[in-house]
Amino acid sequence: MSDLTPPVVILDKSQLADNIGAVARVMANFGLSELRLVSPRDGWPQDRAWATASGADWVLEGVKVFDTVAEAVADLNTVFSTTARPRETRMPVRTPRESARILYDDTASGLRTGLLFGGERAGLETTDIALTSGITTIPIDPKHHSLNLAQAVAINAYEWRTLILDAPPPRFREQDPPASNDLLVGMYEHLETELEAGGFFYPPEKKRSMTQNLRVMLGRSAFSEQEVATFRGVIHALSKGRGRLLAKMAAKKDETPSSTEPPRGEG
C-alpha cells in the first residue's frame, strides 16, 4: 500500500518561516509531500523556510497558499484538527495513532485526507475545528504542554508512516464515502441562510456559537454526497413551505376589511 496518497498537511496562520521549513523537513522524513498554508503571517515564499528544510525542497516548491481554512480543506473528505485543547466542541478526540488508522483506511478507500495544525501561538479557532472530522491530541505530559509545530507534525507523520511500512490490511468502507468539505460547507451555509430568514438565531449575539454547534453536530454524521443533496432538498422544501405560508397570511390579511371601513350593509 506504499502508493497511497499521504494526508495533506495544512498550517493555519503560521508565523515563522523557520517553522514552515522544519515542517517540510519532517514531512519528507515520513513520506508526506503536500503542504498547504493558510494566511502565513509573512507571506509566501520565504527564503528562511528553504534554509531550515534541509533539502526537502520538493515539499516547499509544491506549497499552495489559501486565504481561509475552509478553502484549504474544500477538496478533502477526512480532516483532523490537531490541538492540545478540545475547546467547546463535542467532537471525537483521538490520539495520533488512532487518527492515523482512520486516515489510512479512508485513503485506501480512495478518499482525500488531511491534518490541520494551528498557528504557533493562537492555535486553531473553534470555527475552523468545526470544519473537520474530529480532533487529534498528542498525549503529552500535562506538566509541560509546550510542543513546537514541527514536533507535532512529526509525531502525526510518524504514526502514518508506521502504517505504511507495517500495517494490517485496510478496513474498506461498506457505506458511501463522506462528502468533500466544499459540499458540506455549502450545505451548512444553505441551512444557516434559511434559519436566519426564519429568525432562528436569537438573540443575535449567540449566532456564532449556535452556528458552530450546528456544524459540529451535522459534521459528526459524515454525510455522503447523496445525503448532502437530500438534506439540501429538505431545506429547500421547508423554505418554500414557509414562503407559501407567508403568502397565504399576506393574502388573508389583504382580504380582511380595514377597521376604518364602515360595516358592510351600512351607508
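User: On a 1 Å grid over the protein atoms alone, a pocket is an open set of points where a 1.4 Å probe fits, with protein on both sides within 12 Å along at least five of seven lines, and lining residues have an atom within 4 Å of a point. Which residues lie nearest the centre of the largest pocket?

Analyst: This is a predicted model, in which local features need pLDDT of at least 70 and side-chain atom pairs count only at pLDDT 80 or more, while totals for chains, interfaces and linings use all residues. Residues are numbered from 1 along each chain as its sequence is written, and side-chain values use heavy atoms, without hydrogens and water. The lining of the largest pocket comprises 25 residues, and those nearest its centre are Thr 82, Thr 83, Ala 84, His 145 and Leu 147.

User: Which element gives the largest share of that lining?

Analyst: The protein has ten helices and seven strands, taken as DSSP runs (helices H or I, at least four residues; strands E, at least two) numbered from the N terminus. Three residues make up the largest share of the lining, and they come from helix 7.

User: What distance does helix 7 reach from its first C-alpha to its last?

Analyst: Helix 7 covers residues 149-165, which is 17 residues. The expected span is 1.5 Å times one less than the number of residues. The reach is close to that expectation, at 24 Å.

User: Which strands do the buried residues of helix 7 pack against?

Analyst: Buried means under 20% relative accessible area with a 1.4 Å probe, protein chains only, and among the buried residues of helix 7 are Ala 150, Val 153, Ala 154 and Trp 160. Two of the elements they pack against are helix 1 (17-29) and helix 5 (96-108). The strands are strand 1 (8-12), strand 4 (78-82), strand 6 (113-117) and strand 7 (134-136).

User: Which residues does Val 26 contact, leaving aside its neighbours within four places in sequence?

Analyst: Val 26 lies in helix 1. Val 26 counts as buried because its relative accessible area is 13%. Its C-alpha is separated by 6.9 Å from that of Ala 150, a residue 124 places away along the chain. With contact taken as heavy atoms within 4.5 Å, the partners of Val 26 are Ala 150, Val 153 and Ala 154.

User: Among contacts between residues at least 6 apart in sequence, what percentage join residues at least 24 apart?

Analyst: The protein has 267 residues, and 43% of them count as buried. Among its contacts between residues at least 6 apart, the share joining residues at least 24 apart is 83%.

Definitions and conventions
Buried means under 20% relative accessible area, exposed over 50%, partly exposed in between (1.4 Å probe, protein chains only).
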